[in-house]
Amino acid sequence: VQLVESGGGSVQPGGSLRLSCAFSGFTLDYYAIGWFRQAPGKEREKVSCIINSDGSTYYADVVEGRFTISRDTAKNTVYLQMNSLKPDDTAVYYCGANSCEVRTVDSWGHGTQVTVSS
């Protein structure tokens with residue numbers, strides 16, 4: 001399984017970014033694709049998740065209402081639209097396969113840096 005993130009960058013507070021996670025190589029149907037992030041000196045945390053079977057979504061409280069997860073099944077890509085970004089959103093963002101929980105993700109992408117600063 002391969003997952004490749006893109007779309008990170010530097011923005012000012014209040015700005016927006018859209019992250020993409022292109023995935024391939026699943027031999028069986030996957031359970032979920034999730035977005036996670038890790039800030040310097042902190043543990044990796046879940047941000048958002050989309051369930052493959054029915055498209056249901058999950059958001060961490062700290063991003064609810066600002067971030068939107070979506071997917072393009074034809075392109076095997078999951079997106080994370082991030083609006084109203086805050087400095088606390090600064091982190092490396094990873095996509096992970098088959099779980100919405102950090103400890104049970106079985107494949108990770110390489111990550112993409114998001115920096116929110118004035």
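Residues are numbered from 1 along each chain as its sequence is written, and side-chain values use heavy atoms, without hydrogens and water. Because the model is predicted, local features need pLDDT of at least 70 and side-chain atom pairs count only at pLDDT 80 or more, while totals for chains, interfaces and linings use all residues.

Strands are DSSP runs (E, at least two residues), numbered from the N terminus, and two of them pair if DSSP finds at least two bridges between them. Four strands form an open antiparallel sheet, ordered 1-3-8-7. Strand 1 (2-6) and strand 7 (67-72) are at the edges with a single partner strand each, so one side of each has no neighbour in the sheet. Strand 7 and strand 8 (residues 77-82) are joined by six bridges; isoleucine 69 has leucine 80 in strand 8 as its bridge partner.

Arginine 66 sits in the loop between strand 6 (57-59) and strand 7. Its relative accessible area is 10%, so arginine 66 is buried (under 20% relative accessible area, 1.4 Å probe, protein chains only).

The whole structure holds two disulfides (cysteine sulfur atoms within 2.5 Å).

| Pair | S to S | S-S torsion | Handedness |
|---|---|---|---|
| Cysteine 21, cysteine 95 | 2.2 Å | about 75° | right-handed |
| Cysteine 49, cysteine 100 | 1.8 Å | -75° | left-handed |

Cysteine 49 and cysteine 100 are both buried. In sequence order, the bonded cysteines pair 1-3, 2-4.

Key: Buried means under 20% relative accessible area, exposed over 50%, partly exposed in between (1.4 Å probe, protein chains only).
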